[in-house]
Amino acid sequence: MKRLIIVSNRLPFALDSAGEDLWTVTPAVGGLVSAVEPVLRERGGTWIGWPGIAGKIPQGPLAEATRDAGYNVVPVALSQTERDEFYYGYSNEVIWPLFHDLQNFCNFEPAYWQAYKQVNERYADAIVRNSRPDDFIWVHDYHLMYVAQALRERTRSQNLSALTFFLHIPFPPYDIFAKLPQQRRLLRALLQFDLLGFQTRRDERNFLQCVRRVMPDARVISRGDMDVIQFEQRKIRVGHFPIGIDFNSFEHDAKCEAVARRSQQLRASFPDCQLMLGSDRLDYSKGIPERLRAFRNALERYPDMRGRVVLIQIVVPSRVEIPRYHEFKGRIDRLVGDINGRFSTSTWIPVQYHFRSLDRIDLLAHYRACDIAFLTPLKDGMNLVAKEYCACRTSEDGALILSQFAGAAEQLKPDALLVNPYDVEQMADTVSIAFCMNQAHRSTRMKRMRRNVRTENVFWWVDSFLAAGSRLTTKVATQRRDIQRRTVRR
Ligand code: GDG
(Lines give C-alpha, C1' and ligand atoms only; values in the text may rest on other atoms or scores of the structure.)
Protein backbone atom coordinates (compact mmCIF):
# COMPACT_ATOMS: atom_id res chain seq x y z
CA MET A 1 0.00 0.00 0.00
CA LYS A 2 1.37 3.41 -0.95
CA ARG A 3 1.98 6.03 1.71
CA LEU A 4 -0.89 8.50 1.70
CA ILE A 5 -0.07 12.22 1.90
CA ILE A 6 -3.11 14.37 2.49
CA VAL A 7 -2.69 18.06 1.77
CA SER A 8 -5.42 20.48 2.77
CA ASN A 9 -5.58 24.09 3.80
CA ARG A 10 -6.46 23.31 7.42
CA LEU A 11 -5.25 20.58 9.73
CA PRO A 12 -8.02 18.69 11.56
CA PHE A 13 -7.57 20.90 14.62
CA ALA A 14 -6.94 24.57 15.33
CA LEU A 15 -4.40 25.98 17.74
CA ASP A 16 -5.34 29.21 19.44
CA SER A 17 -3.48 31.45 21.84
CA ALA A 18 -5.15 31.73 25.24
CA GLY A 19 -2.58 34.10 26.76
CA GLU A 20 1.15 34.02 27.20
CA ASP A 21 2.40 30.45 26.55
CA LEU A 22 -1.13 29.12 26.90
CA TRP A 23 -2.69 27.35 23.93
CA THR A 24 -6.03 25.75 23.21
CA VAL A 25 -6.54 22.95 20.70
CA THR A 26 -9.99 22.78 19.11
CA PRO A 27 -11.06 20.03 16.69
CA ALA A 28 -11.96 21.58 13.32
CA VAL A 29 -15.60 21.30 12.26
CA GLY A 30 -16.42 20.79 8.61
CA GLY A 31 -17.05 18.26 5.91
CA LEU A 32 -13.46 17.74 4.76
CA VAL A 33 -12.21 16.87 8.23
CA SER A 34 -15.24 14.66 8.98
CA ALA A 35 -14.50 12.64 5.86
CA VAL A 36 -10.71 12.47 5.71
CA GLU A 37 -9.80 12.11 9.39
CA PRO A 38 -11.23 8.57 9.87
CA VAL A 39 -9.43 7.40 6.74
CA LEU A 40 -6.02 8.67 7.79
CA ARG A 41 -6.55 7.39 11.32
CA GLU A 42 -7.22 3.92 9.88
CA ARG A 43 -4.46 3.80 7.23
CA GLY A 44 -1.80 6.09 8.69
CA GLY A 45 0.12 8.56 6.54
CA THR A 46 0.87 12.26 6.64
CA TRP A 47 -1.37 15.32 6.82
CA ILE A 48 0.07 18.62 5.60
CA GLY A 49 -1.91 21.73 6.51
CA TRP A 50 -2.23 24.98 8.41
CA PRO A 51 -3.06 24.84 12.14
CA GLY A 52 -5.23 27.96 11.98
CA ILE A 53 -2.99 30.57 13.65
CA ALA A 54 -1.16 33.34 11.86
CA GLY A 55 2.58 33.63 12.47
CA LYS A 56 5.00 31.28 14.13
CA ILE A 57 3.72 27.82 15.07
CA PRO A 58 4.44 26.83 18.68
CA GLN A 59 6.16 23.43 18.46
CA GLY A 60 5.33 22.17 21.99
CA PRO A 61 1.53 22.59 21.75
CA LEU A 62 1.60 21.22 18.19
CA ALA A 63 3.43 18.06 19.31
CA GLU A 64 0.97 17.72 22.19
CA ALA A 65 -2.04 18.12 19.87
CA THR A 66 -0.80 15.49 17.40
CA ARG A 67 0.69 12.92 19.78
CA ASP A 68 -2.19 10.43 19.54
CA ALA A 69 -3.32 11.23 16.00
CA GLY A 70 -2.08 7.96 14.46
CA TYR A 71 -0.51 9.79 11.51
CA ASN A 72 2.22 12.39 10.94
CA VAL A 73 1.29 16.04 10.93
CA VAL A 74 3.29 18.61 8.98
CA PRO A 75 2.28 22.20 9.73
CA VAL A 76 2.44 24.99 7.15
CA ALA A 77 2.87 28.50 8.59
CA LEU A 78 0.99 31.53 7.23
CA SER A 79 1.65 35.16 8.10
CA GLN A 80 -1.26 37.41 9.01
CA THR A 81 -1.22 39.08 5.58
CA GLU A 82 -1.12 35.72 3.85
CA ARG A 83 -4.04 34.50 5.97
CA ASP A 84 -6.00 37.63 5.08
CA GLU A 85 -5.26 37.63 1.35
CA PHE A 86 -4.99 33.91 0.59
CA TYR A 87 -7.54 32.43 3.01
CA TYR A 88 -10.08 35.16 3.69
CA GLY A 89 -9.29 36.84 0.35
CA TYR A 90 -8.87 34.67 -2.74
CA SER A 91 -10.22 31.45 -1.23
CA ASN A 92 -13.22 32.82 0.59
CA GLU A 93 -14.06 36.11 -1.14
CA VAL A 94 -13.47 34.90 -4.71
CA ILE A 95 -13.53 31.13 -5.19
CA TRP A 96 -16.05 30.15 -2.51
CA PRO A 97 -18.85 32.51 -3.61
CA LEU A 98 -18.14 32.10 -7.34
CA PHE A 99 -18.14 28.30 -7.18
CA HIS A 100 -21.45 28.44 -5.27
CA ASP A 101 -22.97 30.53 -8.10
CA LEU A 102 -23.01 33.68 -5.91
CA GLN A 103 -20.90 35.90 -8.13
CA ASN A 104 -22.34 39.09 -6.64
CA PHE A 105 -20.61 38.22 -3.37
CA CYS A 106 -17.16 38.10 -5.00
CA ASN A 107 -14.42 40.60 -4.35
CA PHE A 108 -12.02 40.21 -7.31
CA GLU A 109 -9.17 42.11 -5.64
CA PRO A 110 -6.05 41.54 -7.85
CA ALA A 111 -3.61 41.27 -4.91
CA TYR A 112 -5.45 38.17 -3.67
CA TRP A 113 -4.28 36.06 -6.63
CA GLN A 114 -0.60 36.77 -5.91
CA ALA A 115 -1.08 35.71 -2.28
CA TYR A 116 -2.94 32.58 -3.42
CA LYS A 117 -0.06 31.53 -5.67
CA GLN A 118 2.52 32.33 -3.01
CA VAL A 119 0.81 30.28 -0.32
CA ASN A 120 0.20 27.37 -2.72
CA GLU A 121 3.96 27.44 -3.39
CA ARG A 122 4.55 27.13 0.36
CA TYR A 123 2.40 23.97 0.42
CA ALA A 124 4.30 22.65 -2.60
CA ASP A 125 7.58 23.16 -0.71
CA ALA A 126 6.17 21.23 2.25
CA ILE A 127 5.21 18.36 -0.09
CA VAL A 128 8.68 18.29 -1.64
CA ARG A 129 10.27 18.12 1.81
CA ASN A 130 7.96 15.43 3.14
CA SER A 131 7.24 13.04 0.28
CA ARG A 132 8.94 10.29 -1.70
CA PRO A 133 8.39 9.62 -5.41
CA ASP A 134 6.13 6.60 -4.81
CA ASP A 135 3.78 8.32 -2.34
CA PHE A 136 0.14 8.92 -3.15
CA ILE A 137 -0.28 12.69 -2.96
CA TRP A 138 -3.87 13.77 -2.51
CA VAL A 139 -4.50 17.52 -2.45
CA HIS A 140 -7.89 18.71 -1.22
CA ASP A 141 -10.16 21.55 -2.05
CA TYR A 142 -10.42 24.98 -3.50
CA HIS A 143 -7.68 26.65 -1.45
CA LEU A 144 -4.98 24.56 -3.13
CA MET A 145 -5.78 24.43 -6.83
CA TYR A 146 -2.35 25.88 -7.76
CA VAL A 147 -0.26 23.31 -5.85
CA ALA A 148 0.48 20.93 -8.76
CA GLN A 149 1.65 23.78 -10.95
CA ALA A 150 3.92 25.03 -8.15
CA LEU A 151 5.25 21.49 -7.66
CA ARG A 152 5.97 21.02 -11.36
CA GLU A 153 7.86 24.33 -11.36
CA ARG A 154 9.96 23.02 -8.45
CA THR A 155 10.64 19.42 -9.42
CA ARG A 156 11.82 17.91 -12.65
CA SER A 157 8.80 16.03 -13.96
CA GLN A 158 10.43 12.57 -13.84
CA ASN A 159 10.78 12.83 -10.06
CA LEU A 160 7.12 13.52 -9.42
CA SER A 161 4.66 11.09 -7.88
CA ALA A 162 1.15 11.02 -9.30
CA LEU A 163 -0.58 14.18 -8.14
CA THR A 164 -4.25 13.94 -7.40
CA PHE A 165 -6.86 16.52 -6.40
CA PHE A 166 -10.39 16.43 -5.05
CA LEU A 167 -12.72 19.41 -5.03
CA HIS A 168 -15.15 19.34 -2.10
CA ILE A 169 -17.25 22.26 -3.31
CA PRO A 170 -19.22 22.48 -6.57
CA PHE A 171 -17.62 23.47 -9.88
CA PRO A 172 -19.68 26.22 -11.52
CA PRO A 173 -21.04 26.27 -15.08
CA TYR A 174 -19.06 28.17 -17.73
CA ASP A 175 -21.19 31.35 -17.70
CA ILE A 176 -20.31 31.84 -14.03
CA PHE A 177 -16.73 30.60 -14.16
CA ALA A 178 -16.04 32.97 -17.07
CA LYS A 179 -16.27 35.90 -14.63
CA LEU A 180 -13.08 34.82 -12.87
CA PRO A 181 -10.22 37.11 -13.96
CA GLN A 182 -7.70 34.24 -13.62
CA GLN A 183 -9.87 31.66 -15.38
CA ARG A 184 -7.19 30.45 -17.81
CA ARG A 185 -4.38 30.45 -15.24
CA LEU A 186 -6.50 28.50 -12.80
CA LEU A 187 -7.57 25.87 -15.32
CA ARG A 188 -4.00 25.51 -16.51
CA ALA A 189 -2.92 24.99 -12.89
CA LEU A 190 -5.62 22.35 -12.35
CA LEU A 191 -4.50 20.54 -15.48
CA GLN A 192 -1.08 20.01 -13.88
CA PHE A 193 -2.65 17.36 -11.63
CA ASP A 194 -2.85 13.80 -12.98
CA LEU A 195 -6.28 13.00 -11.55
CA LEU A 196 -9.07 15.47 -10.80
CA GLY A 197 -12.03 14.36 -8.72
CA PHE A 198 -15.36 16.15 -8.33
CA GLN A 199 -18.34 15.42 -6.12
CA THR A 200 -20.99 14.90 -8.77
CA ARG A 201 -21.56 14.31 -12.45
CA ARG A 202 -22.84 17.90 -12.65
CA ASP A 203 -19.53 19.32 -11.36
CA GLU A 204 -17.48 17.14 -13.67
CA ARG A 205 -19.60 18.21 -16.64
CA ASN A 206 -19.23 21.89 -15.71
CA PHE A 207 -15.46 21.53 -15.41
CA LEU A 208 -15.14 19.84 -18.80
CA GLN A 209 -17.33 22.51 -20.37
CA CYS A 210 -15.02 25.21 -18.97
CA VAL A 211 -11.92 23.38 -20.25
CA ARG A 212 -13.45 23.12 -23.73
CA ARG A 213 -14.35 26.82 -23.78
CA VAL A 214 -11.28 28.34 -22.11
CA MET A 215 -8.41 26.03 -23.08
CA PRO A 216 -8.36 25.52 -26.85
CA ASP A 217 -5.14 23.46 -26.60
CA ALA A 218 -6.77 20.86 -24.39
CA ARG A 219 -8.62 17.89 -25.91
CA VAL A 220 -11.37 16.16 -23.93
CA ILE A 221 -11.84 12.46 -24.63
CA SER A 222 -14.76 10.70 -22.93
CA ARG A 223 -14.15 7.12 -21.76
CA GLY A 224 -16.99 5.42 -19.92
CA ASP A 225 -17.22 6.72 -16.38
CA MET A 226 -13.86 8.55 -16.58
CA ASP A 227 -12.97 11.41 -18.88
CA VAL A 228 -9.44 12.07 -20.09
CA ILE A 229 -7.99 15.43 -21.07
CA GLN A 230 -4.98 15.55 -23.33
CA PHE A 231 -2.95 18.66 -22.51
CA GLU A 232 0.71 19.60 -23.05
CA GLN A 233 1.69 15.98 -23.84
CA ARG A 234 0.10 14.72 -20.66
CA LYS A 235 -3.12 12.87 -19.95
CA ILE A 236 -5.27 14.06 -17.06
CA ARG A 237 -8.05 11.82 -15.81
CA VAL A 238 -11.26 13.39 -14.59
CA GLY A 239 -14.05 11.69 -12.62
CA HIS A 240 -16.75 12.17 -10.04
CA PHE A 241 -16.46 10.53 -6.62
CA PRO A 242 -19.35 11.45 -4.31
CA ILE A 243 -17.98 11.72 -0.81
CA GLY A 244 -19.52 9.57 1.93
CA ILE A 245 -19.43 9.27 5.71
CA ASP A 246 -18.18 6.66 8.17
CA PHE A 247 -21.66 5.10 8.32
CA ASN A 248 -20.84 2.35 10.83
CA SER A 249 -19.29 4.74 13.29
CA PHE A 250 -22.30 7.11 13.14
CA GLU A 251 -24.76 4.23 13.44
CA HIS A 252 -22.83 2.65 16.29
CA ASP A 253 -22.41 5.89 18.25
CA ALA A 254 -26.05 6.88 17.67
CA LYS A 255 -27.10 3.74 19.55
CA CYS A 256 -24.92 4.40 22.60
CA GLU A 257 -26.39 5.05 26.01
CA ALA A 258 -25.29 8.70 26.26
CA VAL A 259 -26.84 9.60 22.89
CA ALA A 260 -30.07 7.73 23.72
CA ARG A 261 -30.36 9.56 27.06
CA ARG A 262 -29.72 13.00 25.54
CA SER A 263 -32.12 12.28 22.69
CA GLN A 264 -34.89 11.32 25.13
CA GLN A 265 -34.24 14.52 27.10
CA LEU A 266 -34.61 16.54 23.94
CA ARG A 267 -37.86 14.84 22.99
CA ALA A 268 -39.22 15.30 26.48
CA SER A 269 -38.53 19.05 26.30
CA PHE A 270 -40.98 19.40 23.40
CA PRO A 271 -43.96 17.19 24.23
CA ASP A 272 -46.48 16.57 21.42
CA CYS A 273 -44.28 18.30 18.86
CA GLN A 274 -42.55 16.99 15.76
CA LEU A 275 -38.94 18.16 15.73
CA MET A 276 -37.29 19.51 12.59
CA LEU A 277 -33.52 19.94 12.42
CA GLY A 278 -31.32 22.35 10.50
CA SER A 279 -27.56 22.11 11.17
CA ASP A 280 -24.97 24.06 9.23
CA ARG A 281 -21.76 26.01 9.48
CA LEU A 282 -22.47 29.73 9.42
CA ASP A 283 -22.39 30.31 5.67
CA TYR A 284 -24.54 32.17 3.16
CA SER A 285 -24.40 29.17 0.80
CA LYS A 286 -26.31 26.99 3.27
CA GLY A 287 -29.67 28.70 2.71
CA ILE A 288 -30.43 29.33 6.40
CA PRO A 289 -32.49 32.56 5.96
CA GLU A 290 -34.39 30.92 3.10
CA ARG A 291 -35.18 27.95 5.38
CA LEU A 292 -36.38 30.23 8.17
CA ARG A 293 -38.55 32.19 5.75
CA ALA A 294 -40.03 28.91 4.49
CA PHE A 295 -40.74 27.80 8.05
CA ARG A 296 -42.42 31.14 8.77
CA ASN A 297 -44.46 30.78 5.58
CA ALA A 298 -45.49 27.25 6.60
CA LEU A 299 -46.67 28.49 10.02
CA GLU A 300 -48.65 31.27 8.30
CA ARG A 301 -50.31 29.07 5.68
CA TYR A 302 -50.70 25.83 7.66
CA PRO A 303 -51.99 26.97 11.08
CA ASP A 304 -52.52 23.32 12.12
CA MET A 305 -48.78 23.03 12.53
CA ARG A 306 -48.64 25.80 15.15
CA GLY A 307 -47.84 24.36 18.56
CA ARG A 308 -47.09 20.99 16.95
CA VAL A 309 -43.71 21.52 15.30
CA VAL A 310 -40.39 22.99 16.46
CA LEU A 311 -37.45 23.85 14.21
CA ILE A 312 -34.11 23.31 15.99
CA GLN A 313 -31.55 25.34 14.06
CA ILE A 314 -27.88 24.80 14.93
CA VAL A 315 -25.46 27.27 13.41
CA VAL A 316 -21.78 26.48 13.93
CA PRO A 317 -19.63 29.67 14.04
CA SER A 318 -17.38 29.85 10.97
CA ARG A 319 -15.27 32.57 9.29
CA VAL A 320 -16.80 35.13 11.66
CA GLU A 321 -13.81 37.43 11.07
CA ILE A 322 -15.17 38.15 7.56
CA PRO A 323 -17.60 41.12 7.77
CA ARG A 324 -20.07 39.48 5.36
CA TYR A 325 -20.37 36.47 7.69
CA HIS A 326 -20.91 38.74 10.65
CA GLU A 327 -23.70 40.62 8.86
CA PHE A 328 -25.17 37.33 7.75
CA LYS A 329 -25.42 36.14 11.35
CA GLY A 330 -27.36 39.34 12.12
CA ARG A 331 -29.89 38.40 9.40
CA ILE A 332 -30.42 34.97 10.93
CA ASP A 333 -30.76 36.42 14.45
CA ARG A 334 -33.41 38.88 13.23
CA LEU A 335 -35.42 36.23 11.38
CA VAL A 336 -35.43 33.90 14.38
CA GLY A 337 -36.53 36.82 16.57
CA ASP A 338 -39.29 37.69 14.11
CA ILE A 339 -40.68 34.15 13.93
CA ASN A 340 -40.53 33.58 17.67
CA GLY A 341 -41.95 37.03 18.37
CA ARG A 342 -44.91 36.44 16.04
CA PHE A 343 -45.88 32.87 16.81
CA SER A 344 -44.68 31.91 20.31
CA THR A 345 -47.25 31.10 22.99
CA SER A 346 -46.76 30.61 26.71
CA THR A 347 -46.11 26.89 26.07
CA TRP A 348 -44.47 26.81 22.64
CA ILE A 349 -41.51 28.53 20.95
CA PRO A 350 -41.29 27.62 17.24
CA VAL A 351 -37.53 28.07 16.63
CA GLN A 352 -34.85 26.76 19.00
CA TYR A 353 -31.67 28.45 17.85
CA HIS A 354 -28.13 27.49 18.89
CA PHE A 355 -25.15 29.52 17.67
CA ARG A 356 -22.37 27.16 18.73
CA SER A 357 -20.77 23.87 17.87
CA LEU A 358 -22.29 20.83 19.58
CA ASP A 359 -20.13 17.97 20.79
CA ARG A 360 -20.53 14.67 18.95
CA ILE A 361 -22.92 13.13 21.50
CA ASP A 362 -25.19 16.14 21.40
CA LEU A 363 -25.10 16.35 17.59
CA LEU A 364 -25.97 12.66 17.22
CA ALA A 365 -28.72 13.01 19.83
CA HIS A 366 -30.23 15.77 17.68
CA TYR A 367 -30.08 13.52 14.62
CA ARG A 368 -31.82 10.79 16.63
CA ALA A 369 -34.43 13.00 18.22
CA CYS A 370 -35.58 14.97 15.16
CA ASP A 371 -38.38 13.60 12.99
CA ILE A 372 -37.46 15.70 9.98
CA ALA A 373 -34.13 17.09 8.70
CA PHE A 374 -34.56 20.35 6.79
CA LEU A 375 -31.41 21.11 4.73
CA THR A 376 -31.68 23.77 2.10
CA PRO A 377 -28.29 24.92 0.74
CA LEU A 378 -28.42 27.29 -2.22
CA LYS A 379 -25.62 25.10 -3.57
CA ASP A 380 -23.46 22.52 -1.81
CA GLY A 381 -20.69 20.18 -2.94
CA MET A 382 -22.32 17.27 -1.11
CA ASN A 383 -23.83 18.10 2.34
CA LEU A 384 -22.69 15.46 4.78
CA VAL A 385 -25.27 16.46 7.39
CA ALA A 386 -27.95 14.84 5.19
CA LYS A 387 -26.02 11.56 5.15
CA GLU A 388 -25.19 11.69 8.86
CA TYR A 389 -28.88 12.21 9.64
CA CYS A 390 -29.78 9.04 7.70
CA ALA A 391 -27.00 7.02 9.37
CA CYS A 392 -28.25 8.00 12.84
CA ARG A 393 -31.88 7.05 12.14
CA THR A 394 -31.29 3.63 13.63
CA SER A 395 -35.05 3.09 14.01
CA GLU A 396 -35.28 3.58 10.22
CA ASP A 397 -37.74 6.45 10.31
CA GLY A 398 -37.59 10.21 9.74
CA ALA A 399 -38.00 12.38 6.67
CA LEU A 400 -35.32 14.30 4.81
CA ILE A 401 -36.12 17.59 3.07
CA LEU A 402 -33.12 18.41 0.88
CA SER A 403 -32.16 21.13 -1.56
CA GLN A 404 -32.04 19.97 -5.16
CA PHE A 405 -28.75 21.90 -5.40
CA ALA A 406 -26.91 19.81 -2.79
CA GLY A 407 -24.59 17.19 -4.27
CA ALA A 408 -26.24 14.61 -2.01
CA ALA A 409 -29.50 15.07 -3.97
CA GLU A 410 -27.94 13.13 -6.89
CA GLN A 411 -27.72 10.00 -4.69
CA LEU A 412 -30.74 10.46 -2.42
CA LYS A 413 -33.26 12.00 -4.81
CA PRO A 414 -35.79 9.24 -5.14
CA ASP A 415 -36.43 9.25 -1.40
CA ALA A 416 -35.49 12.67 -0.06
CA LEU A 417 -38.12 15.39 -0.52
CA LEU A 418 -36.28 17.71 -2.89
CA VAL A 419 -36.86 21.46 -2.76
CA ASN A 420 -35.74 24.57 -4.59
CA PRO A 421 -34.28 26.79 -1.83
CA TYR A 422 -35.21 29.91 -3.81
CA ASP A 423 -38.89 28.92 -3.73
CA VAL A 424 -40.11 29.72 -0.23
CA GLU A 425 -43.70 28.60 -0.85
CA GLN A 426 -42.70 25.26 -2.33
CA MET A 427 -40.42 24.67 0.66
CA ALA A 428 -43.26 25.54 3.04
CA ASP A 429 -45.57 23.10 1.21
CA THR A 430 -42.88 20.41 1.50
CA VAL A 431 -42.58 21.05 5.23
CA SER A 432 -46.31 20.39 5.49
CA ILE A 433 -45.99 17.20 3.36
CA ALA A 434 -43.17 15.92 5.59
CA PHE A 435 -45.14 16.85 8.71
CA CYS A 436 -48.16 14.84 7.54
CA MET A 437 -46.27 11.88 6.05
CA ASN A 438 -47.18 8.62 7.79
CA GLN A 439 -44.60 6.41 9.49
CA ALA A 440 -44.79 3.61 6.91
CA HIS A 441 -44.07 5.99 4.08
CA ARG A 442 -41.20 7.66 5.98
CA SER A 443 -39.73 4.31 6.85
CA THR A 444 -39.72 2.97 3.26
CA ARG A 445 -37.86 6.05 2.09
CA MET A 446 -35.45 6.12 5.01
CA LYS A 447 -34.51 2.44 4.58
CA ARG A 448 -33.54 3.05 0.98
CA MET A 449 -31.55 6.19 1.81
CA ARG A 450 -29.72 4.38 4.61
CA ARG A 451 -28.83 1.55 2.25
CA ASN A 452 -27.27 4.05 -0.13
CA VAL A 453 -25.37 5.94 2.58
CA ARG A 454 -24.16 2.66 4.13
CA THR A 455 -22.85 1.33 0.79
CA GLU A 456 -21.41 4.49 -0.69
CA ASN A 457 -19.60 5.38 2.53
CA VAL A 458 -16.36 7.26 3.12
CA PHE A 459 -14.18 4.16 2.69
CA TRP A 460 -15.90 3.38 -0.61
CA TRP A 461 -15.17 6.99 -1.63
CA VAL A 462 -11.49 6.74 -0.72
CA ASP A 463 -11.12 3.32 -2.35
CA SER A 464 -12.68 4.48 -5.61
CA PHE A 465 -10.50 7.59 -5.68
CA LEU A 466 -7.33 5.68 -4.77
CA ALA A 467 -8.17 2.99 -7.32
CA ALA A 468 -8.46 5.63 -10.05
CA GLY A 469 -5.20 7.12 -8.78
CA SER A 470 -3.37 3.79 -8.59
CA ARG A 471 -4.05 2.99 -12.21
CA LEU A 472 -2.46 6.33 -12.73
CA THR A 473 0.65 5.77 -10.60
CA THR A 474 1.44 2.69 -12.69
CA LYS A 475 1.14 4.83 -15.79
CA VAL A 476 3.24 7.62 -14.30
CA ALA A 477 5.93 5.10 -13.34
CA THR A 478 5.95 3.72 -16.90
CA GLN A 479 6.14 7.23 -18.32
CA ARG A 480 9.01 8.01 -15.96
CA ARG A 481 10.90 4.87 -17.05
CA ASP A 482 10.33 5.78 -20.70
CA ILE A 483 11.70 9.28 -20.15
CA GLN A 484 14.77 7.84 -18.38
CA ARG A 485 15.35 5.32 -21.20
CA ARG A 486 15.12 8.05 -23.81
CA THR A 487 17.57 10.18 -21.81
CA VAL A 488 20.05 7.28 -21.52
CA ARG A 489 19.84 6.54 -25.28
CA ARG A 490 20.59 10.17 -26.07
C1 GDG B 1 -17.55 20.97 2.60
C2 GDG B 1 -18.51 21.25 1.43
C3 GDG B 1 -19.07 18.83 1.39
C4 GDG B 1 -22.19 20.30 11.84
N5 GDG B 1 -22.63 20.81 13.00
C6 GDG B 1 -21.79 20.40 13.95
C7 GDG B 1 -20.83 19.61 13.37
N8 GDG B 1 -21.09 19.56 12.08
C9 GDG B 1 -20.31 18.79 11.10
C10 GDG B 1 -21.23 17.79 10.45
C11 GDG B 1 -20.57 17.57 9.10
C12 GDG B 1 -19.80 18.87 8.86
O13 GDG B 1 -19.80 19.59 10.09
C14 GDG B 1 -20.46 19.74 7.82
O15 GDG B 1 -20.28 19.12 6.58
P16 GDG B 1 -21.06 19.58 5.26
O17 GDG B 1 -20.78 18.58 4.22
O18 GDG B 1 -22.51 19.66 5.58
O19 GDG B 1 -20.54 21.04 4.90
P20 GDG B 1 -19.11 21.84 4.77
O21 GDG B 1 -18.47 22.01 6.09
O22 GDG B 1 -19.44 23.09 4.05
O23 GDG B 1 -18.16 20.90 3.88
C24 GDG B 1 -19.64 20.24 1.46
C25 GDG B 1 -18.00 18.63 2.42
O26 GDG B 1 -17.00 19.64 2.37
C27 GDG B 1 -17.31 17.28 2.27
O28 GDG B 1 -16.79 17.10 1.00
O29 GDG B 1 -20.11 17.92 1.66
O30 GDG B 1 -20.50 20.44 0.36
O31 GDG B 1 -19.03 22.57 1.51
O32 GDG B 1 -19.69 16.49 9.15
O33 GDG B 1 -21.28 16.66 11.27
N34 GDG B 1 -19.85 19.02 14.06
C35 GDG B 1 -19.80 19.24 15.40
N36 GDG B 1 -20.71 20.04 16.04
C37 GDG B 1 -21.71 20.62 15.36
O38 GDG B 1 -22.52 21.33 15.95
N39 GDG B 1 -18.83 18.66 16.12
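Me: At 15% relative accessibility, does Arg-281 count as buried or exposed?
Reply: Arg-281 comes out at 15% relative accessibility. The cut-offs are under 20% relative accessible area for buried, over 50% for exposed and in between for partly exposed (1.4 Å probe, protein chains only). So Arg-281 counts as buried.

Me: Okay, and what kind of model is this?
Reply: Residues are numbered from 1 along each chain as its sequence is written, and side-chain values use heavy atoms, leaving out hydrogens and water. Local features need pLDDT of at least 70 and side-chain atom pairs count only at pLDDT 80 or more, while totals for chains, interfaces and linings use all residues, the model being predicted.

Me: Which residue forms a salt bridge with Arg-281?
Reply: A salt bridge here is a side-chain nitrogen of Lys or Arg within 4 Å of a carboxyl oxygen of Asp or Glu. For this pair, the closest N and O atoms are 4.0 Å apart.

Me: How far apart are the closest N and O atoms of Arg-262 and Asp-362?
Reply: Arg-262 counts as partly exposed at 26% relative accessibility, whereas Asp-362 is buried at 12%. Those two form a salt bridge, and the gap between their closest N and O atoms is 2.6 Å.

Me: How many residues apart are Arg-262 and Asp-362?
Reply: Arg-262 belongs to helix α10 (residues 257-269) and Asp-362 to helix α13 (residues 360-369). Helices are DSSP runs of H or I with at least four residues and strands are runs of E with at least two, numbered from the N terminus. The pair links distant parts of the chain, and the separation is 100 residues.

Me: What span is expected for helix α4?
Reply: Helix α4 covers residues 110-130, which gives it 21 residues. The expected span is 1.5 Å times one less than the number of residues. From first C-alpha to last, α4 reaches 32 Å, close to the expected 30 Å.

Me: Which strands are included in what covers the buried residues of α4?
Reply: The buried residues of α4 include Tyr-112, Trp-113 and Ile-127. Among the helices covering the buried residues are α3 (80-99), α5 (147-154) and α7 (183-190). The strands included are β1 (4-10), β4 (46-50) and β6 (136-140).

Me: What area is buried between domain 1 and domain 2?
Reply: The domain assignment (automatic or from a database) gives domain 1 (4-243 + 460-489) and domain 2 (247-454). Contact means heavy atoms within 4.5 Å, and 27 residues of domain 1 are in contact with 24 residues of domain 2. Buried area is the accessible area (1.4 Å probe) that two parts lose on being put together, summed over both. Carbon and sulfur atoms give 59% of a total that is about 2000 Å².

Me: How many salt bridges does the rule find across the interface of domain 1 and domain 2?
Reply: A search of the whole structure finds 29 salt bridges. Across the interface of domain 1 and domain 2, the count is one.

Me: Which helix holds Thr-430?
Reply: Thr-430 is buried, at 8% relative accessible area. Leaving out residues up to four places away in sequence, Thr-430 touches Ile-401, Leu-417 and Val-419. Its helix, residues 424-436, is α16.
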